[in-house]
Amino acid sequence: MDERVDVVVVGGGVIGLCTALCLAEAGRSVRVLEAKTVGSGSSHGNCGTLTPSHAAPLAAPGAITQALRWMLTPDAPFYVAPRLDPGLWRWLFGFARRCNARDWRTALAARAAILNDSITAYPDWVARHAPDAEYAGEGVDYLFRTASGFDEAARDIPHLAEVGIAAEVIAGSDYERSDPALKPGLHAVIRFPGDASLRPDRYVAGLARSLRALGGVIEDGWEVQGIDEDADGVVVHGSRGRLRARDVVLATGAWSPTLMRSAGLGALPVQPGKGYSITYDRPARVPRRALSLHEPGVCVTAWGSGYRLGSTMEFSGYSTDLNRRRLDALERGAAAFLHEPVGPVKHEEWYGWRPLSIDDVPIIGRVPGRRHAWVATGHGMLGVSMSPSTGQLVADLVCGREPRIDPAPYSPERFR
């Protein structure tokens with residue numbers, strides 16, 4: 001208790017590390033407390049696509065109807081495992097209420113603002129903090145084998161254009177001629193030239209190195225169990241003792257609601273959305289760009305150092321099962337589009353939980369009713385995509401500076 005820092009950041013994933021870095025750059029002393037090891041959650045095994053193109057929220061008209069149909073298909077891209085879970089069903093009811101055109105447009109504008117700010121910042125951000133993260137800024141391509149799939153996605157193009165996200169439509173036959181990795185049979189492709197990609201584990205490692213170089217401290221194996229607040233700041237209690245700070249930022253992803261409840265900070269409308277990935281050595285023929293394969297819902301990313309298939313969204317609580325059916329679905333989906341869908345050596349099969357807010361908009365700001373406690377969670381599948389802007393926004397709020405983007409759409413107060 002003799003030791004004090006300006007800010008404790010709870011969570012050593014991409015959001016926590018970016019927040020800590022921005023605070024350190026603002027001159028604050030920072031300590032990151034991570035329950036396991038840095039970058040061991042969803043920051044590790046995601047596909048590393050940076051996608052303003054994903055600004056359209058999941059809470060869309062018709063989403064619940066589709067999800068209910070998919071409950072009978074365990075390898076569907078979006079799957080709700082049938083079970084008695086009152087918290088999940090309350091969340092789904094609230095999510096369903098937001099699946100309307102008005103709320104969809106509101107969420108689209110909020111997501112686009114933070115995504116566009118992040119993608120603008122990314123080239124300089126990775127150059128300074130993670131130059132070996134294999135950042136590639138040439139866009140992401142969405143591939144469609146059916147006219148119905150393309151028509152459904154193309155309806156969003158004008159709405160995305162309204163919030164500053166450009167798209168190009170390419171005929172399937174033209175695209176096949178330009179990329180020998182693709183099998184014939186494409187109907188069409190939507191290219192989002194403003195998207196980018198990187199290798200997420202190298203990105204996180206670079207953020208951690210840069211933070212330490214600025215004097216920040218990262219402690220693994222530090223499980224936070226309680227947070228007390230007084231007029232002078234906070235006392236953080238946990239598995240390795242106590243630490244006093246002026247402010248605390250909770251950036252624990254899908255575990256944020258659990259931590260907030262246990263720390264007496266209230267509840268957040270967030271559910272864990274489980275995703276899967278498989279990492280391989282590079283095949284001989286890989287796509288020229290990162291791909292999103294629409295019908296199977298599979299993301300394909302190739303780096304100089306490897307190759308990954310990923311995605312899916314499974315609501316099964318905090319289940320630790322590595323679902324073979326869903327992993328196999330990734331390979332099947334890629335095989336429908338690619339001559340070489342998998343690499344010669346498989347290195348890792350992975351799952352992780354993404355924090356899905358009830359309106360599919362991040363939750364960033366001061367914890368309601370608290371002076372010195374802040375939260376940054378609810379990024380869904382876009383934590384890496386939104387990480388530079390989220391870190392900057394939290395640092396601006398904690399430091400009392402004028403934020404670069406309007407913080408109101410992300411405030412936890414919107415749920416009160």
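R209 is partly exposed, with a relative accessible area of 45% (buried is under 20%, exposed over 50%, and partly exposed in between, using a 1.4 Å probe and protein chains only). Its side chain meets that of D132 in a salt bridge of 3.4 Å, N to O, where a salt bridge is a side-chain nitrogen of Lys or Arg within 4 Å of a carboxyl oxygen of Asp or Glu. This is a predicted model, in which local features need pLDDT of at least 70 and side-chain atom pairs count only at pLDDT 80 or more, while totals for chains, interfaces and linings use all residues. Residues are numbered from 1 along each chain as its sequence is written, and side-chain values use heavy atoms, with hydrogens and water left out.

**Salt bridges across the chain**

- R209 sits in helix α9 (residues 200-213) and D132 in the loop between α5 and β5 (140-144), so the pair links distant parts of the chain, 77 residues apart; helices (H or I, at least four residues) and strands (E, at least two) are DSSP runs, numbered from the N terminus.
- D132 is also partly exposed, at 37% relative accessibility.
- R128 forms a salt bridge with E25, and the closest N and O atoms are 2.7 Å apart.
- R128 belongs to helix α5 (residues 101-129) and E25 to helix α1 (residues 14-25), so this pair ties together parts that are 103 residues apart in sequence.
- Both ends are partly exposed: R128 at 42% relative accessibility and E25 with a relative accessible area of 36%.

- R128 and D124 are four residues apart in helix α5, so about one helical turn separates them.
- D124 is partly exposed, with a relative accessible area of 45%.
- A network of salt bridges links R324, D328, E331, K346 and E349.
- The count of salt bridges comes to 24.

**The second largest pocket**

- The volume of the second largest pocket is about 300 Å³. On a 1 Å grid over the protein atoms alone, a pocket is an open set of points where a 1.4 Å probe fits, with protein on both sides within 12 Å along at least five of seven lines, and lining residues have an atom within 4 Å of a point.
- The pocket is lined by 15 residues, and those closest to its centre are G87, R261, L268, V270 and Q271.
- Two or more lining residues come from each of α4 (86-97), α10 (256-262) and β13 (270-280).

Technical notes
Points joined across faces, edges and corners; volume = space filled by probe spheres on them.
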